[in-house]
Amino acid sequence: YRPMKLLIMNGPNLNLLGQREPSIYGTGTMETYMAELQKLYPAVELEYFQSNVEGLMIDRLQATLRDGTNGVVLNAGAYTHTSIALGDCIRSLACPVVEVHISNVYQREEYRHRSMISAACKGIIAGFGLHSYRLGIEALLKD
Ligand code: DQA
């Protein structure tokens with residue numbers, strides 16, 4: 001029996017969660033939230049990866065082809081709206097990827113309404129604060 005392995009990935013500027021625009025993204029840090037998530041899902045192996053560098057995100061996503069990862073919860077930050085490379089990368093993976101956003105991007109600027117990764121993802125969750133990640137995990141567990 002191998003435990004389910006999920007990768008929670010954050011893109012650029014999300015290392016500043018808790019201090020970055022708290023009126024939009026809240027005051028909680030990802031480190032604290034990851035500990036909460038791991039307690040909620042003791043039987044699931046959760047790995048957290050954050051990078052401000054697009055290529056490092058792609059390298060880590062490609063590694064899921066070899067490391068037994070069963071699914072990815074991905075908040076690609078602003079790369080969501082710009083990165084054809086991330087979209088291509090997701091399309092080349094074997095495991096499902098759920099796109100998540102802390103904020104409801106559709107209530108915000110027009111340039112946040114377009115996503116270069118949505119079509120490559122299994123589904124999209126946006127607007128539920130940090131709980132967007134938990135909903136992403138739920139979606140993958142029901143897969
Ligand atoms: C975000 C929304 C993006 O538009 C923004 O660039 C982010 C965070 C969110 O989680 O709400 O960095 O992905």
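User: Is H101 buried or exposed?

Analyst: First, a word on the source: this is a predicted model, in which local features need pLDDT of at least 70 and side-chain atom pairs count only at pLDDT 80 or more, while totals for chains, interfaces and linings use all residues. Residues are numbered from 1 along each chain as its sequence is written, and side-chain values use heavy atoms, with hydrogens and water left out. Buried means under 20% relative accessible area, exposed over 50%, and partly exposed in between, with a 1.4 Å probe and protein chains only. H101 has a relative accessible area of 5% and is therefore buried.

User: In which strand does H101 lie, and with which residues is H101 in contact?

Analyst: Helices (H or I, at least four residues) and strands (E, at least two) are DSSP runs, numbered from the N terminus. H101 belongs to strand β4, residues 97-101. Contact means heavy atoms within 4.5 Å. With neighbours within four places in sequence set aside, the contacts of H101 are N75, T80, I125, A126, G127, F128 and S132. A polar contact is a pair of N or O atoms within 3.5 Å; within protein, one must be able to donate a hydrogen and the other to accept it, and residues adjacent in sequence count only if both atoms are side-chain atoms.

User: Which residues are around the ligand?

Analyst: A residue is counted here if one of its heavy atoms lies within 4 Å of the molecule. The residues around the ligand include H101, together with R20, Y25, N75 and R112. For I102, a backbone N or O atom lies 2.7 Å from a ligand oxygen. The protein covers 99% of the 320 Å² of accessible area that the ligand has on its own, as computed by the Shrake-Rupley method with a 1.4 Å probe.

User: What is the order of the strands in the sheet?

Analyst: Strands of a sheet pair through backbone hydrogen bonds, either parallel or antiparallel. Two strands count as paired if DSSP finds at least two bridges between them. Here five strands form an open sheet in the order β2-β1-β3-β4-β5, with parallel pairing. β2 (44-50) and β5 (123-126) are at the edges with a single partner strand each, so one side of each has no neighbour in the sheet. From one strand to the next, the twist averages 20°.

User: How many bridges join β1 to β2 and to β3?

Analyst: Seven bridges join β1 to β2, and five join β1 (residues 4-10) to β3 (residues 71-75). In β2, Q50 is the bridge partner of N10; in β3, V73 stands opposite I8 and L74 opposite M9. Five of the seven residues of β1 are buried, so this strand is largely enclosed by the rest of the structure.

User: Which residues of helix α3 are buried?

Analyst: An α-helix has 3.6 residues a turn, so residues three or four places apart point the same way. In α3 (residues 54-63), the buried residues are M57, I58, R60, L61 and A63. These buried residues pack against β1, β2, β3 and α4 (84-91).

Conventions: Axes are lines fitted to C-alpha atoms, for helices over the stretch in contact, and angles run from 0 to 180 degrees between N-to-C directions.
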